[in-house]
Amino acid sequence: MNFDQIIDRRGTHSMKWDMMQDRYGVSPDTGISMWVADMDFRPPSCVQDALQKAVDHGVYGYFGDDDAYRAAICWWMANRHGWQVDPAHIFTTHGLVNAVGLCLHTWTQPGDGVVLFTPVYHAFARTIQAAGRKVVECPLALNDGRYEMDFDEADALMTGQERMLVLCSPHNPGGRVWTAQELRKVADFCARHDLILVSDEIHHDLVMPGSRHLPMAVAAPDCADRLVMLTAASKTFNLAGTHCGNVIIADARLRGQFATTLAAMGISPNSFGLHAVTAAYSPAGAEWVDALCTYLDGNRQVFDAGMNAIPGVRSMALQSTYLAWVDFSGTGMDPQEFTARVERDAQIAANHGPTFGTGGTAYLRFNLGAPRSVIEQAVARLQAAFRDLQ
(Lines give C-alpha, C1' and ligand atoms only; values in the text may rest on other atoms or scores of the structure.)
Protein backbone atom coordinates (compact mmCIF):
# COMPACT_ATOMS: atom_id res chain seq x y z
CA MET A 1 0.00 0.00 0.00
CA ASN A 2 2.76 2.41 -0.91
CA PHE A 3 0.65 5.17 -2.45
CA ASP A 4 3.64 7.53 -2.28
CA GLN A 5 5.56 5.55 -4.91
CA ILE A 6 6.07 7.41 -8.19
CA ILE A 7 5.26 5.13 -11.14
CA ASP A 8 6.31 6.49 -14.54
CA ARG A 9 3.42 5.81 -16.92
CA ARG A 10 4.81 7.68 -19.89
CA GLY A 11 5.27 5.56 -23.00
CA THR A 12 3.01 2.78 -21.68
CA HIS A 13 0.01 3.53 -23.94
CA SER A 14 -1.56 5.41 -21.05
CA MET A 15 -4.34 7.69 -22.26
CA LYS A 16 -3.87 9.85 -19.19
CA TRP A 17 -0.19 10.54 -19.85
CA ASP A 18 0.51 9.73 -23.49
CA MET A 19 -2.48 11.64 -24.90
CA MET A 20 -2.31 14.86 -22.90
CA GLN A 21 0.05 16.54 -25.39
CA ASP A 22 -2.51 16.07 -28.17
CA ARG A 23 -5.52 16.99 -26.02
CA TYR A 24 -4.15 19.85 -23.92
CA GLY A 25 -0.79 20.86 -25.34
CA VAL A 26 0.91 19.75 -22.12
CA SER A 27 4.08 17.73 -22.59
CA PRO A 28 4.33 14.53 -20.54
CA ASP A 29 8.02 15.34 -20.06
CA THR A 30 7.34 18.55 -18.15
CA GLY A 31 3.64 18.39 -17.28
CA ILE A 32 1.36 16.79 -14.71
CA SER A 33 -1.60 14.75 -15.93
CA MET A 34 -4.75 15.38 -13.88
CA TRP A 35 -7.52 14.70 -16.38
CA VAL A 36 -8.56 11.10 -17.19
CA ALA A 37 -10.21 9.44 -14.18
CA ASP A 38 -7.74 6.70 -13.46
CA MET A 39 -5.18 6.70 -10.66
CA ASP A 40 -1.40 6.54 -10.75
CA PHE A 41 -1.42 3.66 -8.24
CA ARG A 42 -0.99 -0.07 -8.74
CA PRO A 43 -3.92 -2.21 -7.56
CA PRO A 44 -3.57 -4.32 -4.40
CA SER A 45 -1.25 -7.31 -4.42
CA CYS A 46 -4.20 -9.73 -4.38
CA VAL A 47 -5.16 -8.43 -7.84
CA GLN A 48 -1.58 -8.45 -9.12
CA ASP A 49 -1.14 -12.02 -7.90
CA ALA A 50 -4.34 -13.21 -9.62
CA LEU A 51 -3.32 -11.65 -12.92
CA GLN A 52 0.22 -12.99 -12.63
CA LYS A 53 -1.19 -16.48 -12.04
CA ALA A 54 -3.20 -16.19 -15.26
CA VAL A 55 -0.13 -14.98 -17.16
CA ASP A 56 2.03 -17.76 -15.74
CA HIS A 57 -0.52 -20.34 -16.85
CA GLY A 58 -0.08 -18.94 -20.34
CA VAL A 59 -3.31 -20.07 -22.02
CA TYR A 60 -5.80 -17.27 -22.66
CA GLY A 61 -8.95 -19.06 -23.72
CA TYR A 62 -12.59 -18.26 -23.15
CA PHE A 63 -13.57 -17.75 -19.51
CA GLY A 64 -16.01 -20.26 -18.03
CA ASP A 65 -17.59 -21.00 -14.63
CA ASP A 66 -18.00 -17.48 -13.27
CA ASP A 67 -19.59 -18.57 -9.97
CA ALA A 68 -16.65 -17.29 -7.90
CA TYR A 69 -16.73 -13.97 -9.77
CA ARG A 70 -20.45 -13.50 -9.11
CA ALA A 71 -20.06 -14.56 -5.48
CA ALA A 72 -17.27 -12.01 -5.00
CA ILE A 73 -19.51 -9.22 -6.31
CA CYS A 74 -22.35 -10.28 -4.01
CA TRP A 75 -20.00 -10.48 -1.02
CA TRP A 76 -18.64 -7.01 -1.71
CA MET A 77 -22.02 -5.35 -2.12
CA ALA A 78 -23.37 -6.96 1.05
CA ASN A 79 -20.32 -6.22 3.20
CA ARG A 80 -19.43 -2.78 1.90
CA HIS A 81 -22.84 -1.38 1.00
CA GLY A 82 -25.51 -3.38 2.83
CA TRP A 83 -26.99 -4.46 -0.51
CA GLN A 84 -28.09 -8.04 -1.02
CA VAL A 85 -27.54 -8.98 -4.68
CA ASP A 86 -28.78 -12.15 -6.35
CA PRO A 87 -25.91 -13.53 -8.46
CA ALA A 88 -28.38 -14.35 -11.24
CA HIS A 89 -29.14 -10.63 -11.58
CA ILE A 90 -25.57 -9.73 -12.69
CA PHE A 91 -24.52 -9.00 -16.27
CA THR A 92 -20.98 -8.11 -17.30
CA THR A 93 -20.26 -5.43 -19.90
CA HIS A 94 -17.16 -3.81 -21.37
CA GLY A 95 -17.15 -1.08 -18.74
CA LEU A 96 -19.95 1.23 -17.68
CA VAL A 97 -19.94 3.63 -20.62
CA ASN A 98 -20.60 0.53 -22.70
CA ALA A 99 -23.33 -0.39 -20.21
CA VAL A 100 -25.01 3.00 -20.67
CA GLY A 101 -24.95 2.50 -24.44
CA LEU A 102 -26.53 -0.94 -24.05
CA CYS A 103 -29.22 0.51 -21.80
CA LEU A 104 -30.01 3.17 -24.40
CA HIS A 105 -30.28 0.49 -27.07
CA THR A 106 -32.53 -1.65 -24.86
CA TRP A 107 -35.03 0.87 -23.54
CA THR A 108 -35.02 3.93 -25.81
CA GLN A 109 -35.47 4.78 -29.47
CA PRO A 110 -33.73 7.39 -31.65
CA GLY A 111 -35.13 10.81 -30.82
CA ASP A 112 -36.15 9.90 -27.27
CA GLY A 113 -35.11 12.18 -24.44
CA VAL A 114 -32.61 11.02 -21.80
CA VAL A 115 -32.45 13.08 -18.61
CA LEU A 116 -29.20 14.16 -16.96
CA PHE A 117 -28.69 16.31 -13.87
CA THR A 118 -25.88 18.57 -15.05
CA PRO A 119 -23.01 19.24 -14.79
CA VAL A 120 -22.26 15.53 -14.91
CA TYR A 121 -19.78 12.97 -16.27
CA HIS A 122 -19.17 13.99 -19.88
CA ALA A 123 -19.34 10.50 -21.42
CA PHE A 124 -23.07 10.29 -20.67
CA ALA A 125 -24.01 13.08 -23.07
CA ARG A 126 -21.49 11.93 -25.66
CA THR A 127 -22.94 8.40 -25.65
CA ILE A 128 -26.56 9.60 -25.69
CA GLN A 129 -25.94 11.90 -28.64
CA ALA A 130 -23.96 9.27 -30.55
CA ALA A 131 -26.95 6.93 -30.18
CA GLY A 132 -29.24 9.52 -31.76
CA ARG A 133 -31.08 10.27 -28.53
CA LYS A 134 -31.68 13.74 -27.08
CA VAL A 135 -29.89 14.95 -23.96
CA VAL A 136 -32.36 16.65 -21.59
CA GLU A 137 -30.38 18.69 -19.08
CA CYS A 138 -31.82 19.41 -15.65
CA PRO A 139 -29.36 21.89 -14.07
CA LEU A 140 -28.24 21.17 -10.53
CA ALA A 141 -28.71 23.96 -8.01
CA LEU A 142 -25.59 25.21 -6.23
CA ASN A 143 -26.45 25.83 -2.57
CA ASP A 144 -23.84 26.65 0.08
CA GLY A 145 -21.07 25.26 -2.10
CA ARG A 146 -22.66 21.93 -2.96
CA TYR A 147 -24.95 20.60 -5.65
CA GLU A 148 -28.60 19.75 -5.03
CA MET A 149 -31.30 18.49 -7.39
CA ASP A 150 -34.19 20.87 -8.14
CA PHE A 151 -37.14 18.58 -8.84
CA ASP A 152 -39.63 21.40 -9.37
CA GLU A 153 -37.50 22.74 -12.21
CA ALA A 154 -36.89 19.22 -13.52
CA ASP A 155 -40.63 18.49 -13.56
CA ALA A 156 -41.22 21.67 -15.57
CA LEU A 157 -38.63 20.62 -18.17
CA MET A 158 -40.28 17.28 -18.95
CA THR A 159 -42.17 17.10 -22.25
CA GLY A 160 -43.36 13.50 -22.23
CA GLN A 161 -40.73 12.47 -24.80
CA GLU A 162 -38.24 11.38 -22.13
CA ARG A 163 -37.72 7.65 -21.58
CA MET A 164 -34.71 7.35 -19.28
CA LEU A 165 -32.76 9.11 -16.54
CA VAL A 166 -29.06 8.40 -16.03
CA LEU A 167 -28.01 9.26 -12.47
CA CYS A 168 -24.41 9.64 -11.34
CA SER A 169 -24.24 8.43 -7.72
CA PRO A 170 -21.93 9.47 -6.12
CA HIS A 171 -21.83 12.54 -8.30
CA ASN A 172 -19.01 13.21 -10.75
CA PRO A 173 -17.71 15.94 -10.94
CA GLY A 174 -19.15 17.48 -7.76
CA GLY A 175 -18.30 14.64 -5.39
CA ARG A 176 -21.72 14.64 -3.73
CA VAL A 177 -22.91 11.56 -1.90
CA TRP A 178 -26.67 11.77 -2.37
CA THR A 179 -28.77 11.28 0.75
CA ALA A 180 -31.45 8.62 1.14
CA GLN A 181 -34.10 11.32 0.84
CA GLU A 182 -32.58 12.68 -2.36
CA LEU A 183 -32.37 9.21 -3.89
CA ARG A 184 -36.00 8.51 -3.05
CA LYS A 185 -36.96 11.78 -4.72
CA VAL A 186 -35.09 10.68 -7.84
CA ALA A 187 -37.07 7.43 -7.81
CA ASP A 188 -40.34 9.35 -7.36
CA PHE A 189 -39.40 11.68 -10.22
CA CYS A 190 -38.81 8.68 -12.50
CA ALA A 191 -42.14 7.17 -11.48
CA ARG A 192 -43.99 10.44 -12.20
CA HIS A 193 -42.54 10.63 -15.69
CA ASP A 194 -42.35 6.87 -16.40
CA LEU A 195 -38.57 6.82 -16.84
CA ILE A 196 -36.17 3.91 -16.71
CA LEU A 197 -33.70 4.80 -13.93
CA VAL A 198 -30.08 3.91 -14.72
CA SER A 199 -27.99 4.52 -11.60
CA ASP A 200 -24.26 4.66 -12.37
CA GLU A 201 -22.53 4.01 -9.04
CA ILE A 202 -18.97 3.47 -10.23
CA HIS A 203 -17.48 5.71 -7.50
CA HIS A 204 -19.45 4.06 -4.68
CA ASP A 205 -16.39 2.73 -2.83
CA LEU A 206 -14.39 5.96 -2.95
CA VAL A 207 -16.06 7.84 -0.12
CA MET A 208 -14.36 10.29 2.20
CA PRO A 209 -14.39 9.80 5.99
CA GLY A 210 -17.69 10.98 7.47
CA SER A 211 -19.77 10.11 4.40
CA ARG A 212 -21.49 6.88 3.38
CA HIS A 213 -22.78 5.88 -0.04
CA LEU A 214 -26.24 4.33 -0.23
CA PRO A 215 -27.09 2.24 -3.31
CA MET A 216 -30.26 3.29 -5.08
CA ALA A 217 -31.53 -0.30 -4.78
CA VAL A 218 -31.34 0.03 -0.98
CA ALA A 219 -32.57 3.63 -0.72
CA ALA A 220 -35.62 3.13 -2.94
CA PRO A 221 -36.49 -0.58 -3.23
CA ASP A 222 -39.97 0.26 -4.52
CA CYS A 223 -38.47 1.44 -7.82
CA ALA A 224 -37.05 -2.00 -8.69
CA ASP A 225 -39.46 -2.37 -11.62
CA ARG A 226 -37.68 0.49 -13.43
CA LEU A 227 -34.19 0.36 -11.88
CA VAL A 228 -30.93 -0.64 -13.56
CA MET A 229 -27.84 -0.55 -11.34
CA LEU A 230 -24.36 -0.01 -12.80
CA THR A 231 -21.31 -0.89 -10.71
CA ALA A 232 -17.67 -1.70 -11.34
CA ALA A 233 -14.38 -2.35 -9.59
CA SER A 234 -12.58 -0.21 -12.15
CA LYS A 235 -12.48 3.15 -10.35
CA THR A 236 -12.04 1.56 -6.92
CA PHE A 237 -9.04 -0.60 -7.82
CA ASN A 238 -7.70 1.31 -10.85
CA LEU A 239 -8.72 -1.39 -13.33
CA ALA A 240 -10.32 0.77 -16.03
CA GLY A 241 -8.24 -0.78 -18.80
CA THR A 242 -9.77 -4.21 -18.15
CA HIS A 243 -13.15 -2.84 -19.32
CA CYS A 244 -15.18 -4.92 -16.89
CA GLY A 245 -18.43 -3.44 -15.57
CA ASN A 246 -21.58 -4.87 -14.04
CA VAL A 247 -25.23 -4.26 -14.80
CA ILE A 248 -27.41 -5.54 -11.95
CA ILE A 249 -31.15 -5.81 -12.59
CA ALA A 250 -33.59 -7.21 -10.02
CA ASP A 251 -36.73 -6.96 -12.17
CA ALA A 252 -37.29 -10.08 -14.30
CA ARG A 253 -38.91 -8.19 -17.19
CA LEU A 254 -36.08 -5.66 -17.48
CA ARG A 255 -33.52 -8.40 -17.02
CA GLY A 256 -34.94 -10.38 -19.91
CA GLN A 257 -34.92 -7.33 -22.16
CA PHE A 258 -31.29 -6.54 -21.34
CA ALA A 259 -30.26 -10.17 -21.84
CA THR A 260 -31.74 -10.01 -25.33
CA THR A 261 -29.60 -6.97 -26.14
CA LEU A 262 -26.42 -8.68 -24.95
CA ALA A 263 -27.23 -11.80 -26.94
CA ALA A 264 -27.92 -9.78 -30.09
CA MET A 265 -24.56 -8.01 -29.82
CA GLY A 266 -22.53 -11.09 -28.96
CA ILE A 267 -21.02 -9.48 -25.87
CA SER A 268 -18.91 -11.59 -23.53
CA PRO A 269 -16.44 -10.42 -20.86
CA ASN A 270 -12.66 -10.18 -20.88
CA SER A 271 -11.12 -12.96 -18.81
CA PHE A 272 -8.47 -10.70 -17.25
CA GLY A 273 -11.20 -8.39 -15.97
CA LEU A 274 -13.03 -11.30 -14.35
CA HIS A 275 -9.86 -12.57 -12.65
CA ALA A 276 -9.07 -9.06 -11.39
CA VAL A 277 -12.56 -8.36 -10.01
CA THR A 278 -12.78 -11.74 -8.29
CA ALA A 279 -9.51 -11.07 -6.49
CA ALA A 280 -10.29 -7.42 -5.70
CA TYR A 281 -13.66 -8.05 -4.08
CA SER A 282 -12.13 -9.75 -1.06
CA PRO A 283 -11.04 -8.95 2.51
CA ALA A 284 -7.56 -8.07 1.22
CA GLY A 285 -9.10 -5.76 -1.35
CA ALA A 286 -11.28 -4.15 1.31
CA GLU A 287 -8.26 -3.41 3.49
CA TRP A 288 -6.53 -1.76 0.53
CA VAL A 289 -9.59 0.38 -0.28
CA ASP A 290 -9.81 1.60 3.32
CA ALA A 291 -6.18 2.73 3.14
CA LEU A 292 -6.74 4.28 -0.28
CA CYS A 293 -9.70 6.37 0.89
CA THR A 294 -7.69 7.69 3.82
CA TYR A 295 -4.84 8.61 1.46
CA LEU A 296 -7.16 10.28 -1.05
CA ASP A 297 -8.71 12.30 1.76
CA GLY A 298 -5.23 13.55 2.62
CA ASN A 299 -4.68 14.51 -1.02
CA ARG A 300 -8.01 16.32 -1.00
CA GLN A 301 -7.05 18.33 2.06
CA VAL A 302 -3.70 19.37 0.55
CA PHE A 303 -5.27 20.31 -2.77
CA ASP A 304 -8.26 22.17 -1.34
CA ALA A 305 -6.13 24.17 1.08
CA GLY A 306 -3.80 25.21 -1.72
CA MET A 307 -6.50 26.09 -4.24
CA ASN A 308 -8.74 27.88 -1.77
CA ALA A 309 -5.79 30.10 -0.83
CA ILE A 310 -5.88 31.59 -4.35
CA PRO A 311 -8.26 34.60 -4.33
CA GLY A 312 -11.35 33.91 -6.42
CA VAL A 313 -10.72 30.15 -6.70
CA ARG A 314 -12.83 27.59 -4.84
CA SER A 315 -12.48 23.80 -4.80
CA MET A 316 -15.79 22.09 -4.08
CA ALA A 317 -15.74 20.02 -0.88
CA LEU A 318 -15.59 16.36 -1.87
CA GLN A 319 -17.64 13.68 -0.14
CA SER A 320 -16.62 11.07 -2.70
CA THR A 321 -14.41 10.37 -5.76
CA TYR A 322 -10.84 11.58 -6.29
CA LEU A 323 -11.93 14.29 -8.73
CA ALA A 324 -11.71 17.90 -7.55
CA TRP A 325 -14.17 20.34 -9.15
CA VAL A 326 -12.65 23.80 -9.05
CA ASP A 327 -14.56 27.04 -9.63
CA PHE A 328 -12.52 29.89 -11.15
CA SER A 329 -15.43 32.33 -11.55
CA GLY A 330 -14.28 34.50 -8.65
CA THR A 331 -11.09 35.41 -10.49
CA GLY A 332 -13.06 37.44 -13.04
CA MET A 333 -11.23 35.60 -15.82
CA ASP A 334 -12.93 34.06 -18.81
CA PRO A 335 -12.45 30.30 -19.32
CA GLN A 336 -9.82 30.79 -21.98
CA GLU A 337 -7.61 32.79 -19.60
CA PHE A 338 -7.78 30.61 -16.51
CA THR A 339 -7.47 27.45 -18.60
CA ALA A 340 -4.39 28.84 -20.35
CA ARG A 341 -2.79 29.60 -17.00
CA VAL A 342 -3.37 26.02 -15.87
CA GLU A 343 -2.18 24.40 -19.10
CA ARG A 344 0.46 26.82 -20.39
CA ASP A 345 1.87 28.28 -17.17
CA ALA A 346 1.35 25.47 -14.64
CA GLN A 347 1.79 22.72 -17.27
CA ILE A 348 -1.17 20.75 -15.89
CA ALA A 349 -3.76 18.89 -17.96
CA ALA A 350 -7.22 19.06 -16.36
CA ASN A 351 -10.70 18.38 -17.75
CA HIS A 352 -12.51 21.40 -19.15
CA GLY A 353 -15.72 22.21 -17.28
CA PRO A 354 -18.00 22.89 -20.29
CA THR A 355 -17.72 19.24 -21.37
CA PHE A 356 -19.77 18.33 -18.28
CA GLY A 357 -22.78 20.29 -19.50
CA THR A 358 -24.75 23.23 -18.17
CA GLY A 359 -23.12 24.75 -15.10
CA GLY A 360 -19.56 23.72 -15.96
CA THR A 361 -18.32 26.81 -17.79
CA ALA A 362 -16.30 28.31 -14.92
CA TYR A 363 -14.77 25.01 -13.77
CA LEU A 364 -11.90 22.63 -14.32
CA ARG A 365 -11.76 19.06 -12.96
CA PHE A 366 -8.51 17.82 -11.41
CA ASN A 367 -7.64 14.16 -10.72
CA LEU A 368 -6.22 13.68 -7.21
CA GLY A 369 -5.47 9.96 -7.62
CA ALA A 370 -1.70 10.37 -7.50
CA PRO A 371 1.15 10.30 -4.97
CA ARG A 372 1.00 13.12 -2.40
CA SER A 373 4.20 14.69 -3.72
CA VAL A 374 2.59 15.09 -7.15
CA ILE A 375 -0.43 16.83 -5.62
CA GLU A 376 1.87 19.13 -3.66
CA GLN A 377 3.81 19.96 -6.81
CA ALA A 378 0.58 20.64 -8.72
CA VAL A 379 -0.62 23.01 -6.00
CA ALA A 380 2.69 24.89 -6.05
CA ARG A 381 2.50 25.26 -9.82
CA LEU A 382 -1.11 26.45 -9.73
CA GLN A 383 -0.40 29.00 -7.01
CA ALA A 384 2.52 30.30 -9.09
CA ALA A 385 0.31 30.54 -12.18
CA PHE A 386 -2.15 32.75 -10.28
CA ARG A 387 0.39 34.59 -8.13
CA ASP A 388 -0.68 38.01 -9.40
CA LEU A 389 -4.03 37.50 -7.63
CA GLN A 390 -2.44 36.98 -4.23
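Is Phe41 buried or exposed? Phe41 is buried, with a relative accessible area of 6%. Here buried means under 20% relative accessible area, exposed means over 50%, and partly exposed lies in between (1.4 Å probe, protein chains only). Before we go on, keep in mind that this is a predicted model: local features need pLDDT of at least 70, side-chain atom pairs count only at pLDDT 80 or more, and totals for chains, interfaces and linings use all residues. Residues are numbered from 1 along each chain as its sequence is written, and side-chain values use heavy atoms, with hydrogens and water left out.

So what does Phe41 sit with? Its ring pairs with the ring of Phe3: the centres are 5.2 Å apart and the planes are at 65 degrees, so this is an edge-to-face pair. Rings of Phe, Tyr and Trp (its six-membered ring) pair if their centres lie within 6.5 Å; planes under 30 degrees apart count as stacked, over 60 as edge-to-face and the rest as tilted. Phe3 is in the segment before helix H1 (15-18), while Phe41 is in the loop between strand E1 (32-34) and helix H3 (45-57), so the pair links distant parts of the chain, 38 residues apart. Helices (H or I, at least four residues) and strands (E, at least two) are DSSP runs, numbered from the N terminus. Phe3 counts as buried too, at 6% relative accessibility.

Now for another ring pair, Tyr60 and Phe272. Their centres are 5.6 Å apart and their planes are at 45 degrees, so the pair is tilted. This one also links distant parts of the chain, with Tyr60 in the loop between H3 and helix H4 (67-81) and Phe272 in helix H12 (residues 271-280), 212 residues apart. Phe272 counts as partly exposed, at 27% relative accessibility.

Back to Phe3 and Phe41: ring pairs link them into a cluster with Trp75, Trp76, Phe237, Tyr281, Trp288 and Tyr295.

Next, follow the strands. Seven of them form an open sheet with mixed pairing, in the order E2-E10-E9-E8-E7-E3-E4. Two strands pair if DSSP finds at least two bridges between them. At the edges are strand E2 (90-93) and strand E4 (134-139), each pairing on one side only. Strand E10 (residues 245-248) is joined to E2 by four bridges, and the two run antiparallel. Thr93 has Gly245 in E10 as its bridge partner. E9 and E10 are antiparallel as well, with four bridges, and Leu230 is partnered with Val247 in E10. Both faces of E10 are covered: Gly245 and Val247 on one side, and Asn246 and Ile248 on the other, are all buried. By contrast, strand E8 (residues 196-200) and strand E9 (residues 227-232) pair in the parallel sense over four bridges, with Val198 bridging to Val228.

Finally, look at the nonpolar cores. A nonpolar core is a set of buried Ala, Val, Leu, Ile, Met, Phe, Trp, Tyr and Cys residues joined through side-chain atoms within 4.5 Å. The largest has 97 residues, and those with the most contacts inside it are Leu165, Met216, Phe303, Phe328 and Phe366. Helix H13 (residues 283-308) gives the largest share of this core, nine residues. A second, separate core of 30 residues includes Ala99, Ile128, Val135 and Cys168.
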